[in-house]
Amino acid sequence: MAHGGHGPFRHFLGGLFDIEYWGEWGISRALFLGIIFAGLYFILGNFIPNLPLFTFNWLVATAPIWVPIGLVIGAWKAWVTYIQSLYISGRQPVLLEMKIPREVARSPRAMELALTSLNLSSGETTFLHRAWRGQVRPFFSLEIVSFGGDVHFYIWCWKPYKDIMEIMMYSQYPEIEIVEVEDYATKFQYDPEKHKAWGVEWPLMTYMDIGQMDFRINAYQPRTYIDFELDKDPKEEFKIDPLSNILEFMSSIKPNEQLWIQIVLRKSGKRFILNPLGLPDEDGLWKNMVENEVNKLRAEAAIIPADTLKEVLAEHGEEEDKHVSPRPSWKQQEMMKSMERHLGKYPFQVGMRGIYWTEGELRGPIYTGFRWIWRPFGNPQYGTHLRPKKWHCDFDYPWQDVHDLRWINQTYRVHDAYRRRSFFNSPWILPTNVLTNETIASLWHPPSRATATPGIQRMAATKAEPPANLPK
């Protein structure tokens, strides 16, 4: 009885002091920890006379130790932010629109192959390039945008890489057309009196480790076109493309609404400007993590818990010392097959972001559907899925935002991050995931004729070069 009463009490105290528990009620982690610190400091002040003066004297006495360290760290971060921002500001960005033809005969495997051209690390060759010149890896953005139901596909890049983007796309999709257009995100001017917005990001998460941005999640990938058997190039009437759900949803909005989606990516590479300890790069870290997760599954598949073994043998009337050779379950086989398949792909560091704009009130079905727009690619029970997080997803209670001040500020911030296509460098360094070119190709590719979304404006005719043997 004592144990039975003690368990619920411990559970109550554990929930009471759990930071994530208080986060569910709209109380921030900083506020929660600040209240605890202030309370403990007040209690300590009752035992130590003149505690504020003692604290001040202690800080002054130890200043020769912590002030130089703080200045060195702060100066280094300020220098890196400045020199990288200077370098990026000198790059001329361009926005390319991909015109979709009536017939797209190739599967997303063609896009997977095309994306290998973006696995570039030029600019970060040496320490001098990274720390003195501020050079960073080139990053790109694949975008799907709906203006009142009119769906467009865009590619954002620096101007020197425009030719690479065109070669990449035309080599696999010669029937499409790439044209340079004005940047809609830079042109758009947010007016709080006129516009309402909902900003969101989509990091990888599972139902097993909800809310934990653990690097181990990168070992698991969402479902891809291979899981939907699009790699077999079936007939049009048999194709089941999950991207059709996304495009159909984006084409169903009203004329006064807009939906923006961007997939910002760069090669998974160096983690540090300075790396004196020889720590592995992002791609090596990801490779080791995948191999560790595979080995963990193999070990689990080779062991049957004693209690489970005893129950199984008892059901069949067998003796306990009978030899049993366990085998991987179907779930374990699928998980290992997926992870080991992606080991043969190119890993990219990826951040995904979206904004829902409207000239009027936000419609609940639209922003709810937009938050969970990537559900068709999810495998949350034993794999992973793209779960909405950040920006306006954090406002659930009225006391979190009085008079919409924080909401408007977050709108300015997410719009600025979107138009900069910023995830990896200042001023917006945000959590990202590792996705392979197979996964990215599943999320963004020219839809075939099987996707009969009315919002996609397809070209009436396919352009072709004249025959080479014509008389000159």
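Start by selecting Thr358. Thr358 belongs to strand S8, residues 347–358. Helices (H or I, at least four residues) and strands (E, at least two) are DSSP runs, numbered from the N terminus. Thr358 is buried, at 2% relative accessibility. Buried means under 20% relative accessible area, exposed over 50% and partly exposed in between, with a 1.4 Å probe and protein chains only.

Before moving on, note that this is a predicted model, where local features need pLDDT of at least 70, side-chain atom pairs count only at pLDDT 80 or more, and totals for chains, interfaces and linings use all residues. Residues are numbered from 1 along each chain as its sequence is written, and side-chain values use heavy atoms, with hydrogens and water left out.

**Aromatic pairs**

The whole structure holds 27 aromatic pairs. Rings of Phe, Tyr and Trp (its six-membered ring) pair if their centres lie within 6.5 Å; planes under 30 degrees apart are stacked, over 60 edge-to-face, and the rest tilted. Select Trp79 and Trp132. Their ring centres are 5.6 Å apart and their planes meet at 35°, so this pair is tilted. Trp79 is in helix H5 (residues 63–89) and Trp132 in helix H7 (residues 127–132), so the pair ties together parts 53 residues apart in sequence. Trp79 is partly exposed at 28%, and Trp132 is exposed at 59%.

Now go to Tyr184 and Tyr418. The centres lie 6.3 Å apart with planes at 65°, so this pair is edge-to-face. Tyr184 sits in helix H9 (residues 184–187) and Tyr418 in helix H15 (residues 405–420), 234 residues apart. Both are buried: Tyr184 at 9%, Tyr418 at 0%.

**Charges over rings**

Arg421 lies over the face of Tyr184, 5.9 Å from the ring centre. The criterion is NZ of Lys or CZ of Arg within 6 Å of the ring centre and within 35 degrees of the ring normal. Arg421 is buried, at 0%, in the loop between H15 and S10. Its phi is positive, about 55°, although Arg421 is not a glycine. For another charge over a ring, pick Lys390: its charged end is 4.7 Å from the centre of the Trp391 ring.

**Backbone stops**

In the loop between H15 and strand S10 (433–436), find Pro427. The peptide bond from Ser426 to Pro427 is cis, with omega near 10°. Then jump to Glu229, a non-glycine residue with positive phi, near 60°.

**Cores**

Select Met169, Trp374 and Trp444. They touch the most other members of the largest nonpolar core, which has 84 residues. Such a core is a set of buried Ala, Val, Leu, Ile, Met, Phe, Trp, Tyr and Cys residues joined through side-chain atoms within 4.5 Å. Strand S3 (residues 150–158) contributes the most, 7 residues. A second, separate core of 12 residues includes Tyr220, Trp286, Met335 and Val434.

**Last stop: the cavity**

The structure has 1 cavity of 30 Å³ or more. On a 1 Å grid over the protein atoms alone, a cavity is a set of points where a 1.4 Å probe fits but cannot get out; lining residues have an atom within 4 Å of a point. Points are joined across faces, edges and corners, and the volume is the space filled by probe spheres set on them. The largest cavity has a volume of about 80 Å³. Of its 11 lining residues, select Pro108, Leu230, Lys239, Asp241 and Ser448, which lie nearest its centre.

Notes. 1 Å grid on protein atoms, 1.4 Å probe; cavity = no way out; pocket = protein on both sides within 12 Å on 5 of 7 lines; lining within 4 Å.
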